[in-house]
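User: Please take a close look at a single part of the structure below, and then place it in its wider setting. Give the cut-offs as you go.

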Amino acid sequence: FITVQAMSESQGSPESGPRRAFFIPATPAHLATTPRQTSHDHPPEQPLSALALYSQQQPQMSNSQAASLVGSSRYSGTKRLRSGSEHEESGLDIDSNDQIQDLRLRHLDWSSKQGRILTANGNAVEYYKRVSFQASELPHYHLQVGNTHPTFIRWSEQEEHNFLVCGAWTRPLFVGGWEHSTSLDERCYNVQTPTLFIDLRIPTTRENVLPRHCTSLSSLDDASLRMYARQHVFAGYTRIDWESVSSPATSPTAAASSSRPSSSSKKTSSSSSSVSITVKQKQRPVCTRHHCIDWNFVGVPRPVPNKWWVEMSEDELMWKEWGYATDDNGQHYYCERWERLGDGDSDDLTLALRKNPNDGPDGILVVVGDHFNYVFGRRMTGDEKSYPTVSTLVDLVDQALATGDRITAESYLSIDAGHGRVSKGWLIDCAIQPWKEGTFLNTNEDIVIEGDDMETCKVLWKGQVWGISNCSLTSVQELRNLLKHGKTILSPSSTHSHSAPAAAT
């Protein structure tokens with residue numbers, strides 16, 4: 001923290017001036033010496049070249065290899081940051097090739113940095129050895145078994161629905177180990193219904209490293225495909241459970257506002273006095289996510305569960321996701337802070353649809369309030385090559401392109417996903433495929449709903465059958481108005497979920 005004290009003009013001393021405190025995030029040592037040009041009138045002195053920066057970040061790479069990577073950039077001259085970046089309003093221009101190349105290098109590291117934060121720099125596997133979990137809790141277990149459809153349906157029909165974190169959320173902060181990222185680094189749209197979810201994350205640097213007018217994967221050259229690979233989306237089912245923790249009533253708990261208390265007390269006494277301490281048995285909420293579509297999954301499953309504690313704010317506008325396991329200091333090894341998006345309240349509307357497994361690649365549509373997320377799975381051609389030594393999408397794409405294998409690279413990058421607003425006619429405002437932004441998810445002709453009963457009606461989207469996992473609407477006409485016309489106004493009777501949750505046990 002730095003305290004800045006303004007000097008009083010009348011007295012000429014700082015004592016009477018107002019004080020202001022600011023938090024200045026720490027800057028990594030290898031970036032601290034990298035000047036950033038913020039004004040044409042004050043150019044940076046001795047700018048650190050992208051080649052030098054990359055060599056510092058990757059000491060195992062030779063200068064010639066780094067030069068080859070940096071030299072693959074097709075961008076030169078002045079380039080203004082596009083929409084979605086905080087710098088656009090301030091009119092910041094990027095007019096240095098070094099700055100553009102540095103942006104590209106930072107973008108290339110985005111996926112890796114997200115992984116380092118999420119796994120405590122690879123230590124999460126060791127931390128999870130201290131807690132017990134079943135193989136079926138792993139995020140890709142049911143995806144690999146091939147039974148996500150019947151399993152998700154069974155959970156929806158028999159288990160408690162997850163209303164606790166139901167909503168449309170953005171992520172201002174993601175922190176773990178000695179690194180963090182914020183909403184300045186990525187745009188996040190996490191739309192969670194009582195059953196299905198879609199979590200979309202787009203790095204803000206993408207706006208400056210991809211061609212402005214790309215129209216398809218085939219319109220991107222190899223260098224741009226590598227940039228395109230650095231983003232993320234995953235979807236599936238979120239289960240909720242409650243685990244008991246004990247703490248003195250005078251001590252705060254990590255989930256005080258979202259716990260289920262049960263009565264329990266005990267007394268301790270000494271020779272001089274008797275002190276009564278009430279110990280509350282808390283039911284602390286914990287969520288586990290199971291993936292059915294995952295941008296980063298290329299066959300190697302994640303070795304630890306996607307499992308986390310929930311700490312909800314009293315006004316339910318924010319919550320913290322705490323890593324389930326703890327580090328060597330007994331602390332949760334990562335944390336994500338989520339904030340509710342405007343018009344993203346589950347009290348208004350929830351809908352979750354999933355495509356029939358017999359109708360091609362998987363697909364999910366989720367709606368909460370006025371926000372929707374969608375995702376369509378990969379379209380494989382059958383001509384893809386195998387890369388057994390890679391474990392992530394980024395590594396697979398990099399290796400495939402290094403050998404001239406664009407077919408495999410494009411197939412694994414064929415996931416389509418995005419976010420938008422229902423009231424704007426299903427307008428997409430953020431998408432994995434940037435050329436989809438500003439377009440509409442569907443038209444009136446795309447949607448057909450057969451039947452007049454919510455329990456038996458059939459939703460057809462472009463001729464393909466979609467099943468209803470969860471819906472707060474009570475009539476087929478309301479559902480039809482929503483999907484065909486983007487009308488989200490509910491009738492007074494629309495207050496309960498169509499798929500009622502089972503009683504909690």
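Analyst: Leu393, Val394, Leu396, Val397, Asp398, Ala400 and Leu401 are the buried residues of helix 11. Buried here means under 20% relative accessible area, exposed means over 50%, and partly exposed lies in between, with a 1.4 Å probe and protein chains only. Helices (H or I, at least four residues) and strands (E, at least two) are DSSP runs, numbered from the N terminus.

This is a predicted model, in which local features need pLDDT of at least 70 and side-chain atom pairs count only at pLDDT 80 or more, while totals for chains, interfaces and linings use all residues. Residues are numbered from 1 along each chain as its sequence is written, and side-chain values use heavy atoms, with hydrogens and water left out.

Helix 11 covers residues 393–402, and because 7 of its 10 residues are buried, the rest of the structure largely encloses it. An α-helix has 3.6 residues a turn, so residues three or four places apart point the same way. The neighbours that the buried residues of helix 11 pack against are helix 5 (110–118), helix 10 (222–228) and helix 12 (406–412); contact means heavy atoms within 4.5 Å. Just after helix 11 comes Gly404, with a positive phi of about 80°.

As for the setting, the protein has 13 helices and 23 strands, and 47% of its 505 residues count as buried. Of the contacts with a separation of 6 or more, 65% are between residues 24 or more positions apart.

Leu353 has Leu365 in strand 17 as its bridge partner.

A salt bridge is a side-chain nitrogen of Lys or Arg within 4 Å of a carboxyl oxygen of Asp or Glu. Lys436 and Asp416 meet in one at 2.7 Å, N to O. That pair links distant parts of the chain, with Lys436 in the loop and Asp416 in strand 19 (residues 416–421), 20 residues apart. Lys436 is partly exposed at 25% relative accessible area, whereas Asp416 is buried at 10%. Glu437 and Arg206 form the other, at 3.1 Å, N to O. Here the loop residue Glu437 is joined to Arg206 in helix 9 (residues 206–209), 231 residues away. Glu437 is partly exposed, at 25%, while Arg206 counts as buried at 2% relative accessibility. In total, the structure holds 24 salt bridges.

Terms used
Two strands pair if DSSP finds at least two bridges between them.
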